[in-house]
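Thank you for letting me take a few minutes of the meeting.

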Amino acid sequence: MQDAAPALLREDELALISALQLRPRASWTELGHALGVDPVTVARRFGRLSEQGAAWVGFSPGPRLFEQICVAFVVIDCAPGATAQVARALGAHPHMLTIERAAAGHDILAIVATRDLLALSRYTLDLLPHLPGITAAQARIVTHMFTEGGRWRIAALAPGQRAQLTERPPAQTPVAPGEITPLDRVLITRLAHDGRAPYQSLANDLNVSLNTAKRRVEHLTRRGLLRFRCDFARPLGGWPVAATFWAKVPPTDLPELGLGHLLDPHGRSIGVIPPDLWAEPTV
């Protein structure tokens with residue numbers, strides 16, 4: 001007998017996810033006020049989603065962070081029957097930002113981040129090809145980030161609810177090289193496991209004061225070094241299929257395409273760029 005398909009997310013669950021997409025670290029009181037339910041119900045509802053692996057809050061590297069690290073798409077081929085095992089092993093690697101199983105072309109598509117090009121070379125050329133189950137790995141270095149998937153919204157809220165949760169993004173200021181401190185790196189690692197971790201919990205884990213933990217988190221977001229985001233298991237929301245497109249574009253057209261403008265030969269708009277868009281060097 002086949003296992004029953006998991007139930008789709010309810011409307012109230014989609015509304016909570018939509019609210020968290022707008023304000024990933026909003027208090028339960030703020031979220032409850034916008035959704036019209038009490039804070040305890042909101043916290044219990046998200047706790048249930050989190051335990052089921054249906055929704056979670058993490059973060060994306062902010063646009064300024066990409067100026068200080070090296071990022072690459074890595075396509076990975078696996079031995080027959082080894083893809084799931086390889087994906088689980090890669091999930092324990094700190095370099096991995098995302099891991100996706102692909103239906104064609106390659107077995108796994110991963111986004112990898114390292115401190116610099118040398119570390120990326122060692123990881124992709126010396127370590128990955130020798131992991132059990134991997135038969136080939138090819139890296140495509142990202143040279144510029146136009147936008148990232150954390151900006152995608154499921155639009156499950158009424159306009160008035162969205163207005164209560166929408167904040168003006170903070171003005172970003174230039175980031176000096178080396179501005180990410182060792183404490184920040186530990187803090188980022190902790191937030192990767194729970195983007196809604198309370199400031200007091202962060203302070204206890206890092207053995208710093210509450211004010212220090214709050215100030216460093218606000219510093220990282222204000223400087224565009226990280227951006228919190230709420231993600232969910234999209235098949236449970238009615239989006240069972242995701243596609244990754246690779247396109248070759250003349251270098252002179254990259255800026256226009258990166259801003260989301262698709263034009264036909266006559267200069268007429270024919271669409272917009274999807275949530276994730278990156279540029280890589282041409283060979």
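Predicted model: local features only at pLDDT ≥ 70, side-chain atom pairs only at ≥ 80, totals over all residues.

Let me begin with a question: is glutamate 30 buried, partly exposed or exposed? Glutamate 30 is partly exposed, with a relative accessible area of 36%, where buried means under 20% relative accessible area, exposed means over 50%, and partly exposed lies in between, using a 1.4 Å probe and protein chains only. Residues are numbered from 1 along each chain as its sequence is written, and side-chain values use heavy atoms, with hydrogens and water left out.

Glutamate 30 meets arginine 23 in a salt bridge, at 3.2 Å from N to O, the term meaning a side-chain nitrogen of Lys or Arg within 4 Å of a carboxyl oxygen of Asp or Glu. Arginine 23, for its part, counts as buried at 12% relative accessibility.

By this rule the count comes to nine salt bridges. One of them joins arginine 45 to aspartate 12, with the closest N and O atoms 3.7 Å apart. Arginine 45 lies in helix α3 (residues 39-51) and aspartate 12 in helix α1 (residues 11-22), so this pair ties together parts that are 33 residues apart in sequence; helices here are DSSP runs of H or I with at least four residues, strands are runs of E with at least two, and both are numbered from the N terminus.

Now to strand β7, residues 226-232, where seven of the seven residues are buried, so the strand is largely enclosed by the rest of the structure. Leu226, Phe228, Cys230 and Phe232 point one way from β7, whereas Arg227, Arg229 and Asp231 point the other way. In a regular strand, side chains alternate between the two faces of the sheet. Strand β1 (residues 55-61) pairs with β7 in the antiparallel sense over seven bridges, pairing being called when DSSP finds at least two bridges between two strands. Within that pairing, valine 57 has cysteine 230 of β7 as its bridge partner.

Finally, helix α8 (residues 199-206) has Leu202, Ala203 and Leu206 as its buried residues. These cover an arc of only 100° around the axis, which puts them on the same side of α8, the arc being that of the directions from the helix axis to the C-beta atoms.
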